[in-house]
Amino acid sequence: MKKIAFYEPWFFLLFGIFHLHRIWGIIDRESYADFWIGILESRNAFYYVLMIVLAMFCLLGIISFFKNIHHNYWWRWIYVAGGSYLLFDLFAICARLKFWNELLLWMYDTTSPYWNTIWLMFILLGGFVFCLGIKLLIDYQSKK
């Protein structure tokens, strides 16, 4: 039987908010880029807490997908696709893979003509995921 776990709406709401924070990058390129490049380079406590929390959410989502393999909702595929991508992203950042670091520096290049396109795509993704989280929360509450 298909069932929404209590944490699933929160998974999408939190990832939605995480992606929506990139509105800051559209409003103020310099401070946004400085903040995230500073986090990547400093590797302070915030960096490690963020990495661990994101990795745990991804693993939880992927486990949820496989736990419900025979009765999944369509949106659980997001766990596999998005979670796998993000786990690779976190690994590449932690391992300081050269090509990934160059990609990140390109993404945070405030003079890039692609700046708005890159960050607007993340914002749209965040809006979609956030709305999905709201829908799942309503569905979860109505089926209690």
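## Overall architecture

From the N terminus on, the elements of the chain follow the order α-α-α-α-α-α-α. The secondary structure therefore amounts to seven helices and zero strands. The model described here is a predicted one.

Taken along the principal axes, the C-alpha atoms of the chain fill a box of roughly 50 × 30 × 25 Å. The chain has 144 residues, and buried residues make up 40% of them. Among contacts between residues at least 6 apart in sequence, 71% join residues at least 24 apart.

## Packing of H1 against H5

Helix H1 covers residues 8–20 and helix H5 covers residues 77–94. The two helices pack at an angle of about 45°, and their axes are 13 Å apart. This angle makes H1 oblique to H5, and the crossing of the pair is left-handed.

On the H1 side, the contact is made by Glu8, Phe11, Phe12 and Phe15. On the H5 side, Ile78, Tyr79 and Leu86 take part. Sorted by class, the residues of this contact comprise six nonpolar, no polar and one charged.

## Packing of H5 against H6

Helix H5 also packs with H6, at an angle of about 105° and with the axes 8 Å apart. The angle makes H5 roughly perpendicular to H6, because values from 65 to 115 degrees are counted in that class.

The residues of H5 that meet H6 are Tyr85, Phe88, Asp89, Ala92 and Ile93. Their partners in H6 are Phe99, Trp100 and Leu104. The contact of H5 with H6 contains seven nonpolar, no polar and one charged residues.

## Packing of H3 against H7

Helix H3, formed by residues 29–42, packs with helix H7, formed by residues 115–142. The angle between them is about 70°, and the axes are 13 Å apart. H3 is therefore roughly perpendicular to H7. In passing H7, H3 makes a left-handed crossing.

Three residues of H3 are named in this contact: Arg29, Tyr32 and Ala33. In H7 they meet Trp115, Asn116 and Trp119. The classes represented in the contact of H3 with H7 are four nonpolar, one polar and one charged residues.

Serine 64 is located in helix H4, which spans residues 45–67. Its relative accessibility is 1%, so serine 64 counts as buried. When neighbours within four places in sequence are left aside, serine 64 is in contact with Tyr7, Glu8, Asn72, Arg76 and Tyr79. Of these partners, Glu8 and Tyr79 also belong to the contact between H1 and H5.

Leucine 87 has its place in helix H5. With a relative accessibility of 24%, leucine 87 counts as partly exposed. Apart from neighbours within four places in sequence, leucine 87 is in contact with Ala55, Cys58, Leu59 and Ile62. Leucine 87 and serine 64 are separated by 23 residues in sequence, and their C-alpha atoms are 16 Å apart in space.

The structure holds zero disulfides. For cysteine 58, the closest cysteine sulfur is that of cysteine 94, at 12 Å from its own sulfur. This distance is too far for a bond, because a disulfide requires the two sulfur atoms to be within 2.5 Å.

Cysteine 58 has a relative accessible area of 2% and is therefore buried. Cys58 is also one of the residues in contact with leucine 87.

## Two arginines with positive phi

Arginine 43 lies in the loop between H3 and H4. Its phi is near 50°, a positive value in a residue other than glycine. At 14% relative accessibility, arginine 43 falls below the 20% limit and so counts as buried.

Arginine 96 is found in the loop between H5 and helix H6, the latter running over 98–107. Although arginine 96 is not a glycine, it has a positive phi of about 55°. Its relative accessibility is 55%, so arginine 96 counts as exposed.

Note on methods. Residues are numbered from 1 along each chain as its sequence is written. This is a predicted model: local features need pLDDT of at least 70, side-chain atom pairs count only at pLDDT 80 or more; totals for chains, interfaces and linings use all residues. Side-chain values use heavy atoms; hydrogens and water are left out. Axes are lines fitted to C-alpha atoms, for helices over the stretch in contact, and angles run from 0 to 180 degrees between N-to-C directions. Helices (H or I, at least four residues) and strands (E, at least two) are DSSP runs, numbered from the N terminus. Angles under 35 degrees count as roughly parallel, over 145 as roughly antiparallel, 65 to 115 as roughly perpendicular and the rest as oblique. A crossing is left-handed if the near helix is turned anticlockwise from the far one by less than a right angle, and right-handed if clockwise. Contact means heavy atoms within 4.5 Å. Ala, Val, Leu, Ile, Met, Phe, Trp, Tyr, Cys and Pro count as nonpolar, Asp, Glu, Lys and Arg as charged, and the others, Gly among them, as polar. Buried means under 20% relative accessible area, exposed over 50%, partly exposed in between (1.4 Å probe, protein chains only).
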